[in-house]
Amino acid sequence: MNTALSKDGTAIAYERLGTGQPLILVDGALCSRSFGPMPRLAPLLARHFTVFMYDRRGRGDSGDTKPYAKEREVEDIEALIKEAGGSAFVVGLSSGAGLALEAAASGLGITKLAVYEPPYMVDDSDPRAAGHEAQLNHLIAAERRGHAVKYFMRKMVGVPAMVVALMQLMPGVWSKLKAAAHTLPYDAAVMCNFSMPARRLASITTPTLAINGEKTDARLRHAVQAVVKVLPNVQHRTLKGQTHNVKPQVLVPVLVEFFAD
C-alpha cells in the first residue's frame, strides 16, 4: 500500500499495479480497493497501464478530514495524478464517474476520461431526485448506518426489498456496506444531489468516453445520453448485455481501445 497526501493533509491510500501510462480508477458509492468492482477490474487493466487503485476518503485505509466537501475529493485525485507524474487517464464508475467528471471540470491533468453510468437523475418523472443528501446525513448523525444503506439501496438505487433483505443475511457483505455508510452523503454531494450540472460538464474539453449498459436501468441510460449531449468532446458506447454491474471482461477491451487511440 502507498499513501498520497491530499491538499488538506488527508492521507489517501492507493495501490499501483502494472506498467505503462498511468490510469486512475475512481470508485462509486460504498466501494473501496477491497470491495466492489475495482479488485476485479484493476488486474485486467494492469496488463496495459500503470493502474492506481485507491480508497476514496473515509473508506478503507484513507483518512477522512472534516468538514467534508466534494472539492476535497477532487484534490484527492489531484494528489494521485501528482503521484502518477502529473497526468493520467481516469476511469470513473457510477458516482465515481460523477466525481471524475467534476475532476475534469476542475482542470486537473486528465489526458482522457472514461465514465460508466454516472447516476444523474434527469427524468422529470423521477421523484427520487431531491433531498437524498439531507436524509442520508440525518441517518448517519443518528448512528443508523444500516438504515442509511437500506435507504440508499431502496430509495435511490431501486434495489428490490427482497434483495436488500438477503444482503443483510450475508454478514461479510453487509458489514462492509455499513462500514462505508458514513460516506454515502459524500456521494450525494459529489453528484449534486443527483441532478446533472449541465453547464459545469459543458466546460470539459478532455476527450471523454461515456458508456452505459444495454440492459441497465432506463434512468441510467437517459443519464448517459444527457451527459453525451452536453460534453463537447465525447464518444458514446453501449455495451451489449450489460447492466450497471458491468462485467470487467466486457468493459476492459473498450477502455483499452479508447485510451490507446
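Leaving aside neighbours within four places in sequence, which residues is Ser94 in contact with?

**View 1. Ser94 and its contacts.** In this predicted model, Ser94 is in contact with Gly28, Tyr116, Glu117, Pro118, Pro119 and His244, once neighbours within four places in sequence are left aside. Contact here means heavy atoms within 4.5 Å.

**View 2. Where Ser94 sits.** Look for Ser94 in the loop between β5 (88-93) and α3 (95-105). Ser94 has 18% relative accessibility, so it counts as buried (under 20% relative accessible area; over 50% is exposed and in between is partly exposed, with a 1.4 Å probe and protein chains only).

**View 3. The chain around it.** Zoom out and you'll find eleven helices and eight strands (DSSP runs: H or I of at least four residues for helices, E of at least two for strands, numbered from the N terminus). The chain's radius of gyration is 17 Å, close to the 18 Å from the globule rule for 261 residues, so the chain is as compact as a globular protein of that length. That radius is taken over C-alpha atoms, and the rule is 2.2 Å times the number of residues to the power 0.38. The C-alpha trace spans about 45 × 40 × 35 Å along its principal axes.

**View 4. Inside the chain.** Of the 261 residues, 52% count as buried. Among contacts with a separation of 6 or more, 73% come from residues 24 or more positions apart.

**Notes.** Residues are numbered from 1 along each chain as its sequence is written, and side-chain values use heavy atoms, leaving out hydrogens and water. Local features need pLDDT of at least 70 and side-chain atom pairs count only at pLDDT 80 or more, while totals for chains, interfaces and linings use all residues.
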